[in-house]
Amino acid sequence: MDVNIGLIIWKEVKARSIQRDQFAEDIGVSRHKLDKIMKESSIDTEILRRISAVLGVNLFEHFIQDQELSKFNISQKQLNISEHKKLIDLLDEKNELLRLNEATIKNQARTIKILETITKR
């Protein structure tokens, strides 16, 4: 995996000029643990969620850009397109059935009028 999340976090903290002690407190870890996080290339998702919330940045997006994981994103898009096409087909079929139903009702109404006319004679 090409994502070095610790380095990304370090850059975000540095760019915002956030004091490490305060940042560690804000995300609920010790200063020592924060230093360790910033040196690691992987991270616990709950900690990453808290860091993202404090920084106001979705750091999970860096993983989506990873080449291996982007394959899943493409597969999901293809699945969504396929499901979208199926839904359109179902809607078209439903609309055709409604049209046929309306035509049947009109034909039945004409038949009833004809029958009423015949029975009045």
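User: Why is I47 counted as buried?

Analyst: The relative accessibility of I47 is 10%, and buried means under 20% relative accessible area, with exposed over 50% and partly exposed in between (1.4 Å probe, protein chains only), so I47 falls in the buried class. This is a predicted model, in which local features need pLDDT of at least 70 and side-chain atom pairs count only at pLDDT 80 or more, while totals for chains, interfaces and linings use all residues. Residues are numbered from 1 along each chain as its sequence is written, and side-chain values use heavy atoms, with hydrogens and water left out.

User: Which residues is I47 in contact with, once its neighbours within four places in sequence are left aside?

Analyst: I47, which is found in helix α4, is then in contact with K33 and I37, where contact means heavy atoms within 4.5 Å. The C-alpha atoms of I47 and V29 are 8.7 Å apart in space, although 18 residues separate the two in sequence.

User: What makes S52 buried?

Analyst: S52 also lies in helix α4, and its relative accessibility is 9%, a value that the cut-off places among the buried residues, so S52 is classed with them. With neighbours within four places in sequence set aside, S52 is in contact with V57, N58, L59 and F60. Over the protein chain, buried residues make up 19% of the 121 residues.

User: How do you know that S17 is exposed and that N107 is partly exposed?

Analyst: The relative accessible area of S17 is 61%, and S17 therefore counts as exposed. S17 sits in the loop between α1 and α2 and has a positive phi of about 55°, although it is not a glycine. N107 lies in helix α6 (residues 67-120), and its 40% relative accessibility makes it partly exposed.

User: What makes the pairing of N107 with R110 a polar contact?

Analyst: The side chains of N107 and R110 approach to 2.8 Å, and a polar contact is a pair of N or O atoms within 3.5 Å; within protein, one must be able to donate a hydrogen and the other to accept it, and residues adjacent in sequence count only if both atoms are side-chain atoms. The side chain of E12, a residue of helix α1, likewise makes a polar contact with the side chain of R16, at 2.2 Å. Beyond its neighbours within four places in sequence, E12 is in contact with L55, V57 and L59.

User: How are the helices counted, and how many are there in the protein chain?

Analyst: Helices (H or I, at least four residues) and strands (E, at least two) are DSSP runs, numbered from the N terminus, and the protein chain has six helices and zero strands. Of the contacts in the protein chain with a separation of 6 or more, 56% are between residues 24 or more positions apart.

User: Why are α1 and α4 called roughly parallel?

Analyst: Two packed helices are described by the angle between their axes and the distance between the axes. The axes of helix α1 (residues 5-15) and α4 come within 11 Å and cross at roughly 20°; axes are lines fitted to C-alpha atoms, for helices over the stretch in contact, with angles from 0 to 180 degrees between N-to-C directions. Angles under 35 degrees count as roughly parallel, over 145 as roughly antiparallel, 65 to 115 as roughly perpendicular and the rest as oblique, and α1 and α4 are therefore roughly parallel to each other. I5, I9, E12 and V13 in α1 meet L48, I51 and L55 in α4.
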